[in-house]
Amino acid sequence: MTDQDSGEYLPAGYRLAEFEIERVLGSGGFGVVYLARDHTLDQERAIKEFLPDQVVDRNAAGQVTVRTGTQAASYRTAYQQGLKRFLAEAKTLAALDHPNIVKVYRVLEAN
């Protein structure tokens, strides 16, 4: 199974605002990076999604949901704290302008 075949990831063709997912570039324990087409600017962009595989799943509608069960409360806390740090990192990176640092052009929350 390839990363693109995983039901955990957004499928090719999925629309997220002006972006259309083309394929998965890579994934790890805390997220997924997609290659996407920005239809407004007609440019390719990398989109990084916070998707900690230990505490969340994606339902059939594409929504990220915190896992249920006996540890649901700790999963929810871990997800909320991790998302807060993920967004803070994006804002920090967006403020930087250096050729060796990936430029952040936009932050959005969805799903």
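Alanine 17 sits in the loop between strand 1 (15–16) and strand 2 (19–28); helices here (H or I, at least four residues) and strands (E, at least two) are DSSP runs, numbered from the N terminus. This is a predicted model, in which local features need pLDDT of at least 70 and side-chain atom pairs count only at pLDDT 80 or more, while totals for chains, interfaces and linings use all residues. Residues are numbered from 1 along each chain as its sequence is written, and side-chain values use heavy atoms, with hydrogens and water left out.

Although alanine 17 is not a glycine, its phi is positive, at about 55°. Aspartate 42, in the loop between strand 3 and strand 4, also has a positive phi, near 55°, and is likewise a residue other than glycine. The accessibility classes used below are buried (under 20% relative accessible area), exposed (over 50%) and partly exposed (in between), with a 1.4 Å probe and protein chains only.

| Residue | Relative accessible area | Class |
|---|---|---|
| Alanine 17 | 51% | exposed |
| Aspartate 42 | 56% | exposed |
| Valine 102 | 68% | exposed |
| Serine 27 | 36% | partly exposed |
| Glycine 31 | 15% | buried |
| Arginine 58 | 10% | buried |

**Strand residues**

Serine 27 belongs to strand 2. Its side chain makes a polar contact of 3.1 Å with the side chain of tyrosine 9. A polar contact is a pair of N or O atoms within 3.5 Å; within protein, one must be able to donate a hydrogen and the other to accept it, and residues adjacent in sequence count only if both atoms are side-chain atoms. The C-alpha atom of serine 27 is 25 Å from that of aspartate 97, a residue 70 positions apart from serine 27 along the chain.

Glycine 31 is placed in strand 3. Leaving aside residues up to four places away in sequence, glycine 31 touches Glu49 and Leu51, where contact means heavy atoms within 4.5 Å. Between the C-alpha atoms of glycine 31 and lysine 48 the separation is 7.0 Å, and the two are 17 residues apart along the chain.

Arginine 58 is in strand 5 (residues 56–58). With a relative accessibility of 10%, arginine 58 counts as buried. Its side chain is joined to that of glutamate 49 by a polar contact of 2.7 Å. A polar atom of the arginine 58 side chain also lies 2.7 Å from the backbone oxygen of glutamate 8.

**Helix 1 and the segment after it**

Helix 1 has 23 residues, which at 1.5 Å a residue should span 33 Å; the end C-alpha atoms are 33 Å apart, in agreement. The expected span is 1.5 Å times one less than the number of residues. Buried in this helix are Tyr75, Tyr79, Gly82, Phe86, Leu87 and Ala90. The buried residues of helix 1 pack against strand 4, strand 5 and strand 6.

Valine 102 lies in the segment after helix 1. C-alpha to C-alpha, valine 102 is 9.8 Å from alanine 46, and the two are 56 residues apart in sequence.

**Pockets**

A pocket is found on a 1 Å grid over the protein atoms alone, as an open set of points where a 1.4 Å probe fits, with protein on both sides within 12 Å along at least five of seven lines; lining residues have an atom within 4 Å of a point. Grid points are joined across faces, edges and corners, and a volume is the space filled by probe spheres set on the points.

The largest pocket holds about 960 Å³ of space. It is lined by 34 residues, and those closest to its centre are Ile47, Lys48, Glu49, Phe86 and Arg106. Strand 3 (31–38), strand 4 (43–50), strand 6 (64–66) and helix 1 (72–94) each give two or more residues to this lining, with helix 1 giving the most, seven residues. By type, the lining of the largest pocket has 23 nonpolar, two polar and nine charged residues. Here Ala, Val, Leu, Ile, Met, Phe, Trp, Tyr, Cys and Pro count as nonpolar, Asp, Glu, Lys and Arg as charged, and the others, Gly among them, as polar.

The second largest pocket has a volume of about 200 Å³. Its lining includes Phe30, Gly31, Lys48, Phe86 and Glu89. Strand 4 and helix 1 each supply at least two of the lining residues, and helix 1 gives the most, with six. The lining of the second largest pocket divides into seven nonpolar, two polar and three charged residues.
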